Amino acid sequence: MTKQTCDVAIVGGGAAGLNAALVLAQARRSVVVIDAGEPRNAPAGHLRGFLTRDGAAPTDLLALGRAEVEQFGVVVTDGAVTGAARSADGFELTLDDGRTVNARRLLVATGIADTFPDIEGFAERWAKDVLHCPYCHGYEVRDQPLGVIAETAFFGIHQALMLRQWSDDVVLFTHTDENIEPADREKLAAMNVRIVSGKVAGLVVEDDELTGVRLADGTVTPRRAVFVGGAITPVPRDRILRDFGAETTDTPFGPFVAVDATGATSIPGVWAAGNVVDPKSQVIVSASAGYQAAVAINMDLIEEEVGRAVEAGRILG
Ligand SMILES: Cc1cc2nc3c(=O)[nH]c(=O)nc-3n(C[C@H](O)[C@H](O)[C@H](O)COP(=O)(O)OP(=O)(O)OC[C@H]3O[C@@H](n4cnc5c(N)ncnc54)[C@H](O)[C@@H]3O)c2cc1C
């Protein structure tokens, strides 16, 4: 069983974790990144909205990121952290293969897992033509017949109105929430969004392409892609943070661990960045959150070191 020690342990090697690792390593901190290798956008064919990397495969971006941080001495370890506890001088992490990592500070950047509704074909078409984010996928399906499956009317209406920016042909499937207020009906009608009532039972796929949305009564509405306003549930991979007793805050997606602007949690010495604390943050935003957390962690370590130096000086003097 091997044991590693470092200034900062980062759990999760996605955009948030790797960007934090880069900044900390360039601040001459020893850093270990432990990564289970399941970034949220891995099923997507391309990355959008990231300057200079537009269209790249998401996993290629992370492979480049890994290579970059390793140049500065970061140790990137494949594996999953299964336990975390306080130790004499910080934290001890346990990995799924029994290895341990000891660190003075901890950054959790473990992302989220999306859970899918019970609609036939949904999981199979995920990130192909079952889509969640117009900014990630809207451009690819511009001017196509689009649908929005509304698990809740609130998200469905919001997304259907938004999608009119990408297509003139948008249908809102009320699915499990028929409760659309007259004012919202007026907005949808004004923007030429058609409402189709009834529960969605499945997706029609031909030649590896979505061609329609099938209701429980058998009716099929031809569509080329569907967005899932609220029909997926983002579940934060925050067990480590919760086990430490980190405070949470309510969001429209449920409770998420609360952080300040630097990513500090309510637990001293523990930061969190990226999707694990903000389900809306895209890749560049998650990377930026990792950057901010790294700067705050480095400063926290500097303050500790200055305090120790002052104490040592007093003893000697
Ligand atoms: C289908 C799809 C397409 C998307 N397309 C885009 C796009 O085009 N542009 C864009 O900007 N955003 C896009 N996004 C959003 C993007 O996925 C997130 O912004 C980004 O992944 C968040 O980065 P992160 O570092 O917080 O988490 P992630 O990238 O999810 O990385 C977290 C990492 O932590 C690891 N991990 C989890 N638990 C543990 C553990 N216990 N121990 C060790 N490692 C662990 C995971 O395996 C994973 O590798 C898309 C999302 C989806 C679902």
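Which residues have the most contacts inside the largest nonpolar core? They are A9, A20, A21 and L107, in a core of 54 residues.

## Before you start

This is a predicted model, where local features need pLDDT of at least 70, side-chain atom pairs count only at pLDDT 80 or more, and totals for chains, interfaces and linings use all residues. Residues are numbered from 1 along each chain as its sequence is written.

## The overall picture

The protein chain carries eight helices and 19 strands; these are DSSP runs numbered from the N terminus, with helices being H or I of at least four residues and strands being E of at least two. Its C-alpha trace spans about 85 × 40 × 35 Å along the principal axes.

Of its 317 residues, 39% count as buried, meaning 20 or more other C-beta atoms, placed from the backbone, lie within 10 Å of the residue's own. As for contacts (C-beta atoms, placed from the backbone, within 7 Å), take those in the protein chain with a separation of 6 or more: 63% of them come from residues 24 or more positions apart.

## Two domains

The chain splits into domain 1 (3-113 + 234-316) and domain 2 (117-227), with bounds from an automatic or database domain assignment. Their centres, taken over C-alpha atoms, sit 35 Å apart.

Where the two meet, five residues of domain 1 are in contact with five of domain 2. On the domain 1 side, that's two nonpolar, two polar and one charged. Here Ala, Val, Leu, Ile, Met, Phe, Trp, Tyr, Cys and Pro count as nonpolar, Asp, Glu, Lys and Arg as charged, and the others, Gly among them, as polar.

## The cores

A nonpolar core is a set of buried Ala, Val, Leu, Ile, Met, Phe, Trp, Tyr and Cys residues joined through C-beta atoms within 7 Å. Helix 1 gives the most to this one, with nine residues. Leaving aside residues up to four places away in sequence, A21 touches I10, V31, V33, V69 and V74.

There's also a second, separate core of 29 residues, with A150, L172, V213 and F227 among its members.

## Around the ligand

The ligand is surrounded by 38 residues, and the closest are G12, G14, G111, G274 and Q282; a residue is near the ligand if its C-beta atom, placed from the backbone, lies within 6 Å of it. Helix 1 (15-26), strand 2 (31-35) and helix 8 (283-316) are the elements that give two or more residues to this shell.

The shell divides into 17 nonpolar, 15 polar and six charged residues. Domain 1 and domain 2 each supply at least three of its residues.

Conventions. A residue is buried if 20 or more other C-beta atoms lie within 10 Å of its own, exposed if 12 or fewer, and partly exposed in between; C-beta atoms are placed from the backbone.
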